[in-house]
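Dear colleague,

Please find below the structure that I am handing over to you.

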Amino acid sequence: KHGSGALEQERTHAGGTSGEVEKAKTLTDRQGHPISDNQNVRTVGSRGPMTLENYHFLEKITHFDRERPPERVVHARGAGAHGYFESYGKVGEEPVSQYTRAKLFQVKGNRTPVFVRFSTVIHGTGSPETLRDPRGFAVKFYTEEGNWDLVGNNLKIFFIRDPLKFPDMVHAFKPDPVSNVPGSVGMFDFVSKSPEATHMITFLFSPWGIPANYRQMQGSGVNTYKWVNAEGQAVLVKYHWEPIHQGIKNLTQGEANEIQGMNDSHATQDLYEAIKRGDYPEWELCVQIMSDDDHPELDFDPLDPTKLWPEEQFPFLKVGKMVLDRNPENYYNEVEQAAFGTGVLVDGLDFSDDKLLQGRTFSYSDTQRYRVGTNYLQLPINAPKKRVATNQRAGQMQYFVDMAPEQSPHVDYEPSMTDGLVEAEQQAKPHEPEYHAKLQRERIERTNDFKQAGHTFRAFEDWEREDLIRNLVNALILCDESIQQQMVRNFTQADEEYGRRVAEGLAKARNKEAKGSDQRKKAVRDAERMGHEAEP
Ligand code: HEM
């Protein structure tokens, strides 16, 4: 294992005599020099100024000064665990090879090691885990053909469908750039003018917007991907994780507030403790499949991540299960430095033309080169479990050279007539979609922004609808009236009752506020009068 050399050394020595144990525990600096005084810096006299050659001090303090590199710009707060994915060898009742040639799925019982990072989205690493926010559900499969990352959320849809809007969306949802105070005014300002978000907002402000913890929630790839078979034929797929024995549990705002008052890390703690006591969370991986075309018969575009694919038409087909059975040994090394990206696929899995997915695919590795460093893929948590052989060299923090054993260290280029790396042979027929279209800036035709939001509203149970209205009213009452009105118009387009109930709730809340402020004004007048009368 990389990086645990010192630990192994200590363990090797631990069985020896007490003298050897002492030696094995000796404090050193990172140059291997034993440190005999870790309490006093070198000074001119016992009270004098420090000298600049305090190497041990400078090493220690400069490392400390750099202990917090940038956090993730979104999904900063997270928890992770290791485990495995086991294939069922089928998709539903059909052979999986009919749809994808990806090796990890082919053989029943085949196990692939995984690392999963769960997260909240908007706030920083120290924020509470009880906030109303989607939850990230990112899975790294260390397959024998290299890594596959399935970077999803708990909810099955997203706020927007065009990646150009993502930075604005995140700014609108983050704390105020002047006061740094969080709130949902910016969110509703943005969302009121982004009607495609109505469906996601409907989920987010219902009890589904606060999962009880990371174990008892679903996961979804959200975007549309492709599966490609040995003939190079593709289908469109969506991925979903369904909890097995632990079930699904959400919190109302009241329940979340209560937990938050006592514990701001309840979800991290829950995951860590469950795995520690051997209560391993498990999820089944399901896919929904559609033929690879634009499906004009549907009232939505299959590449639109703001839409659900109706389950009655596109059933969930099971392909395998995932078990998380090992906690990280070091949070920073494994959870914080983990880098997932939608571009990380293996043969037989492909992208679709979903624009949001294509925008994401650039963004992840770009931010990771900045956040973790140029050589982030050499870190054990991110490196595949198979040999890599590249001609990429140097860069900050290069840890080793990605060489093949037969490669000459002098030949870091390709092609070469001598001992350089050679291209792999084409294994299977490539999938080669054809394009004939104008290059343009145009939204998709079938936006249908409200219909599914209305359907989701009606599909909720009564108490969920009540909770949704209450949460929306409590958040919207703090917004300008123009934003409230636009949101009500959006909800009304989704479902007449939905819009009406939010409007009524807002009117009631405004009345109460007005009464409250009348009462406050009266109390101030009374006090003034009493004060005046009390004067001689
Ligand atoms: C993290 C960008 C949409 C799920 C991130 C990060 C960026 C990003 C820059 C930080 C990555 C890091 O520092 O390692 C984007 C962009 C999007 C988008 C540009 C849209 C255009 C989505 C969607 C989902 C999602 C639709 C859900 C399917 C996640 C998750 C993480 C993440 C789970 C955390 C990964 C981890 O645990 O390290 N995203 N994102 N994102 N994003 Fe997105």
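Residues are numbered from 1 along each chain, in the order in which its sequence is written.

**Confidence and overall form**

The pLDDT is the predictor's confidence in each residue, on a scale from 0 to 100. Its mean over the chain is 92, and 93% of the residues reach 70 or more. Over residues 1–18 the pLDDT is below 50, and this stretch has 14 contacts beyond near neighbours in sequence; a contact requires two C-beta atoms, placed from the backbone, within 7 Å. Where pLDDT is low, the predicted coordinates should not be read in detail. The model scores ipTM 0.97 and pTM 0.91.

The chain contains 15 helices and twelve strands. The C-alpha trace spans about 85 × 80 × 50 Å along its principal axes. Of the 536 residues, 35% count as buried. A residue is buried if 20 or more other C-beta atoms lie within 10 Å of its own, exposed if 12 or fewer, and partly exposed in between, with C-beta atoms placed from the backbone. Among contacts between residues at least 6 apart in sequence, 71% join residues at least 24 apart.

**The shell around the ligand**

Which residues are the closest to the ligand? They are His75, Arg117, Gly136, Pro163 and Val222, and 28 residues surround the ligand in total. To be counted, a residue must have its C-beta atom, placed from the backbone, within 6 Å of the molecule. α11 (355–371) is one of the elements that supply at least two residues, as are β4 (111–120), β5 (135–143) and β6 (146–153). The most comes from α11, with eight residues. The shell divides into 14 nonpolar, ten polar and four charged residues. Here Ala, Val, Leu, Ile, Met, Phe, Trp, Tyr, Cys and Pro count as nonpolar, Asp, Glu, Lys and Arg as charged, and the others, Gly among them, as polar.

**Strands**

Two strands are taken to pair if DSSP finds at least two bridges between them. β4 and β5 run antiparallel and are joined by seven bridges, and Thr120 stands opposite Arg135 in β5. On to β6, β5 has eight bridges, again antiparallel; Tyr142 has Asn147 as its bridge partner in β6. The hairpin between β5 and β6 passes through two residues.

In β5, nine of nine residues are buried. Arg135, Phe137, Val139, Phe141 and Thr143 point one way from the strand, while Gly136, Ala138, Lys140 and Tyr142 point the other way. In a regular strand the side chains alternate between the two faces of the sheet.

β11 (residues 317–326) pairs antiparallel with β1 (residues 78–87) over six bridges, and Glu86 has Lys321 as its bridge partner. β10 (residues 282–291) likewise pairs with β11 in the antiparallel sense over six bridges, with Leu285 bridged to Gly320.

**Nonpolar cores**

A nonpolar core is a set of buried Ala, Val, Leu, Ile, Met, Phe, Trp, Tyr and Cys residues joined through C-beta atoms within 7 Å. The largest has 54 residues, and those with the most contacts inside it are Val114, Val116, Phe141, Val237, Leu285, Val287 and Val319. A second, separate core of 38 residues includes Leu155, Val222, Leu357 and Tyr498.

**Single residues**

Val222 lies in the loop between β7 (219–220) and β8 (225–228). Although not a glycine, Val222 has a positive phi of about 65°. Val222 counts as buried because 25 C-beta neighbours lie inside 10 Å.

Asn180, in the loop between α5 (166–173) and α6 (185–192), also has a positive phi of about 65° without being a glycine. Asn180 is exposed because it has 8 other C-beta atoms within 10 Å.

Finally, the peptide bond from Glu414 to Pro415 is cis, with omega near 10°. Pro415 is placed in the loop between α11 and α12 (451–459).

With kind regards

How values were computed. Helices (H or I, at least four residues) and strands (E, at least two) are DSSP runs, numbered from the N terminus.
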